[in-house]
Amino acid sequence: MTTTSDAATFWDRETSSPTHTSWMENVAVRGYINTWIMGRSDGWPFKWFTEFLQTRGTPRFERALSIGCGTGPLERDLINRDLCGVVDAFDGSLASVEIARREAVRAGHGDRIHYFIADFNRPALPRRQYDAVFFHQSLHHVSKLEKLLAAVSRSLKPGGLLYLDEYIGPSRFDWNDDLIAVHRKMFSSMVPREARRVESLSLPIQADDPSEAIRSSEIMPKVECGFDVVAIRPYGGSLLSVLYPWIDWTAAPDRLLQQLFDSERSLLESGTLPHYHALVVATPKRGLRGLTARADYFFRPKLRRLRWELRRRILSKDAPF
Ligand SMILES: C[S@@+](CC[C@H](N)C(=O)[O-])C[C@H]1O[C@@H](n2cnc3c(N)ncnc32)[C@H](O)[C@@H]1O
């Protein structure tokens with residue numbers, strides 16, 4: 001991706017003047033997420049990860065990579081907690097990387113965080129260089145999932161870890177009236193009319209960022225193809241992330257957020273909705289299993305493209321038969 005592509009243009013703009021509201025911006029929501037992760041409201045993802053690393057006996061990484069780093073909060077956190085010696089990090093948005101670089105220098109980490117601009121759909125990662133590779137809310141923007149995951153697997157040293165903190169819910173092309181029926185029902189039954197920013201929920205497809213949720217529902221199957229998941233902490237968002245931006249919180253009753261937490265919990269526990277977000281730690285498959293996975297990552301997208309092409313030709317009636 002170049003910085004003039006649609007996604008980079010969106011993120012260049014969004015970085016300086018945000019137009020989207022995320023459920024994660026709310027402090028009480030963070031407490032709810034943390035409770036899913038560690039059973040308590042101050043159980044931040046990296047607290048959980050630090051404990052996880054300690055039980056594994058690998059408390060610190062020498063060198064890590066952060067992919068789709070944005071303005072860099074994850075890298076600064078990694079260094080502040082001394083989880084990592086040196087971090088390489090990249091993003092397609094020049095404006096974001098400039099802020100990340102400036103903030104790293106301001107925090108005194110300029111010599112330990114190295115930023116560059118790159119397109120994660122055209123990965124060129126060094127082989128066997130990293131002890132850990134991090135994605136924080138960025139893998140759900142990747143269209144070449146197989147290509148990038150294969151490159152990540154190759155870039156990890158033996159024993160290296162893949163860390164995801166991601167949206168793994170429906171992809172932008174999955175949404176339909178059936179899938180959103182439960183969200184619409186909860187919106188109209190729980191949110192008082194005066195606190196609704198819209199009468200009824202539209203399908204949650206972000207039109208101004210074409211990379212949003214491009215293949216998010218395929219993330220877990222694709223990760224599991226090439227990696228062994230060693231830990232997973234799902235943290236919901238299945239009801240909340242969809243409803244939250246459409247509620248006028250200045251007009252909402254105080255109890256509404258807690259009611260939404262309770263409803264989401266029961267929808268998740270009853271299996272009515274799957275978790276839309278998760279922390280995942282995984283290690284690359286090696287040996288014969290690794291070879292099979294790499295073949296899968298290589299051939300499956302080609303088969304997919306072939307199927308699309310055939311379907312396109314059949315639909316446009318210029319099929320070769
Ligand atoms: C939701 S933001 C997450 C940013 C950061 N990881 C964070 O959590 O604050 C997604 C990021 O992916 C980046 N991105 C989108 N498409 C990209 C591409 N093709 N190559 C590299 N970065 C891309 C955007 O510029 C944006 O910074």
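**Helix, sheet and ligand contacts in close-up**

**View 1. α1 and α5 are oblique to each other.** This is a predicted model, in which local features need pLDDT of at least 70 and side-chain atom pairs count only at pLDDT 80 or more, while totals for chains, interfaces and linings use all residues. Residues are numbered from 1 along each chain as its sequence is written. Helix α1 and helix α5 (residues 94-106) pack with their axes 7 Å apart and at an angle of about 45° (axes are fitted to C-alpha atoms, for helices over the stretch in contact, and angles run from 0 to 180 degrees between N-to-C directions). Angles under 35 degrees count as roughly parallel, over 145 as roughly antiparallel, 65 to 115 as roughly perpendicular and the rest as oblique. From α1, Trp-11, Asp-12, Thr-15 and Ser-16 meet Leu-94, Ala-95, Ser-96 and Ile-99 of α5 (contact: C-beta atoms, placed from the backbone, within 7 Å). By class, this contact of α1 with α5 has four nonpolar, three polar and one charged residues (Ala, Val, Leu, Ile, Met, Phe, Trp, Tyr, Cys and Pro are nonpolar, Asp, Glu, Lys and Arg charged, and the others, Gly among them, polar).

**View 2. The ligand is surrounded by 21 residues.** The closest of these residues are Trp-11, Gly-68, Gly-70, Gly-92 and Ser-93 (near: C-beta atom, placed from the backbone, within 6 Å). Two or more residues of the shell around the ligand are given by each of α1 (6-16) and α4 (73-80), and the largest share, three residues, comes from α1. Sorted by class, the shell around the ligand has eight nonpolar, 11 polar and two charged residues.

**View 3. Seven strands form an open sheet with mixed pairing.** The strand order is β3-β2-β1-β4-β5-β7-β6 (helices, H or I with at least four residues, and strands, E with at least two, are DSSP runs numbered from the N terminus). At the edges stand β3 (113-117) and β6 (227-234), each of which has a single partner strand, so one side of each is left without a neighbour in the sheet. From one strand to the next, the twist averages 15°. Within the sheet, strand β1 (residues 61-67) and strand β4 (residues 130-136) pair in the parallel sense over four bridges (pairing requires at least two DSSP bridges), and Ser-66 has Phe-134 in β4 as its bridge partner.

**View 4. α6 and α11 are roughly antiparallel to each other.** The axes of α6 and helix α11 (residues 287-315) cross at roughly 160° and come within 9 Å. Glu-146, Leu-149 and Ala-150 of α6 make the contact with Arg-294, Tyr-297, Arg-300 and Pro-301 of α11. The contact of α6 with α11 has, by class, four nonpolar, no polar and three charged residues.

**View 5. α7 and α10 are likewise roughly antiparallel to each other.** Helix α7 (residues 181-190) and helix α10 (residues 256-269) have axes that come within 12 Å and cross at roughly 150°. Val-182, Met-186 and Met-190 in α7 meet Gln-259, Leu-260, Ser-263 and Leu-267 in α10, a contact of α7 with α10 that has five nonpolar, two polar and no charged residues.

Key. Contact = placed C-beta atoms within 7 Å.
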